[in-house]
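Let's take a walk through a protein model, one piece at a time. Keep the picture open while you read.

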Amino acid sequence: MSESSKAASNKQLVLHGFTQFAAGNIDVLRTLLHEDFIEHSPGNPSGREAFIAFIAEAPVARARLDLKRVIADDDHVMMHYHMATDDDPRGVAVVDIWRLIDGQIVEHWDVVQPVPEAAQVPHGMF
């Protein structure tokens, strides 16, 4: 598989998973995440089952996720989105970085930033 077709395939896998997760299907993570999944975010557990149990109780499982862009490069897929809840309508800007091997996510990093008032970001967060 060429690098560009591998990137496109990985992008489609992660995009499908994101869409399903955003619609409330947490179980999609069981097929997407490798059993030995590695999590790099502080406080979040590694391992597929531990991560799924953690994320099912995390605010992201009940948030509105508005995807802004997806970028794929070989075995990495990056997603930039707005995560908001009824309690926090401004929410946070999130960038997730996923590394895939053979159609499964094996590693994850993220960067999360609170969305400030619009006046503080004249060109917008997204």
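Below we look at the sheet, then its turns, then a helix, and finally a few single residues.

This is a predicted model, so residues are numbered from 1 along each chain as its sequence is written, local features need pLDDT of at least 70, and side-chain atom pairs count only at pLDDT 80 or more, while totals for chains, interfaces and linings use all residues. Side-chain values use heavy atoms, with hydrogens and water left out.

**The sheet**

A quick word on names: helices (H or I, at least four residues) and strands (E, at least two) are DSSP runs, numbered from the N terminus. Two strands pair if DSSP finds at least two bridges between them.

Now find the open sheet of five strands, which has the order 1-5-4-3-2 and mixed pairing. Its edge strands are strand 1 (33–39) and strand 2 (64–73), and each of these pairs on one side only. From one strand to the next, the twist averages 25°. For angles like this, axes are lines fitted to C-alpha atoms (for helices over the stretch in contact), and the angles run from 0 to 180 degrees between N-to-C directions.

What holds neighbouring strands together? Strands of a sheet pair through backbone hydrogen bonds, either parallel or antiparallel. Here is how each pair works out:

| Strand pair | Sense | Bridges | Residues standing opposite |
|---|---|---|---|
| Strand 1 and strand 5 | parallel | three | Ile38 and Glu107 |
| Strand 2 and strand 3 | antiparallel | nine | Leu67 and Tyr81 |
| Strand 3 and strand 4 | antiparallel | eight | His82 and Ala93 |
| Strand 4 and strand 5 | antiparallel | ten | Val95 and Val111 |

To spot these in the structure, look for strand 3 at residues 76–84 and strand 4 at residues 92–101, with strand 5 at residues 104–114.

**Two turns**

Strand 2 and strand 3 form a hairpin with two residues between them. Is Asp74 buried, partly exposed or exposed? Asp74 is partly exposed, with a relative accessible area of 22%. The cut-offs are these: buried means under 20% relative accessible area, exposed means over 50%, and partly exposed is in between (1.4 Å probe, protein chains only).

Strand 4 and strand 5 also make a hairpin with two residues between them. In the loop between strand 4 and strand 5 you'll find Asp102, and its phi is near 50°, again a positive value in a residue other than glycine. With a relative accessible area of 78%, Asp102 is exposed.

**A helix across the sheet**

Helix 3 (residues 48–57) lies across strand 1 and strand 5, and runs at about 70° to strand 1. Which residues of helix 3 are buried? They are Arg48, Phe51, Ile52 and Ile55. These four cover an arc of only 100° around the axis, which puts them on the same side of helix 3. (The arc is that of the directions from the helix axis to the C-beta atoms.) The general rule behind that is handy: an α-helix has 3.6 residues a turn, so residues three or four places apart point the same way.

Phe54 is in helix 3 too. At 32% relative accessibility, Phe54 counts as partly exposed. Phe54 touches Gly43, Asn44 and Pro45, not counting residues up to four places away in sequence; contact here means heavy atoms within 4.5 Å. Phe54 and Asn44 are ten residues apart in sequence and 7.2 Å apart in space, C-alpha to C-alpha.

**A buried methionine and a charge over a ring**

Back in the sheet, Met79 is found in strand 3. Why does Met79 count as buried? Its relative accessibility is 2%. Leaving aside neighbours within four places in sequence, Met79 is in contact with several residues, including Val14, Leu15, Phe18, Leu67, Val95 and Trp98. Met79 and Trp98 are 19 residues apart in sequence, but 8.5 Å apart in space, C-alpha to C-alpha.

Last stop: the charged end of Lys68 sits over the ring of Phe126, 5.2 Å from its centre. A charge sits over a ring if NZ of Lys or CZ of Arg is within 6 Å of the ring centre and within 35 degrees of the ring normal.
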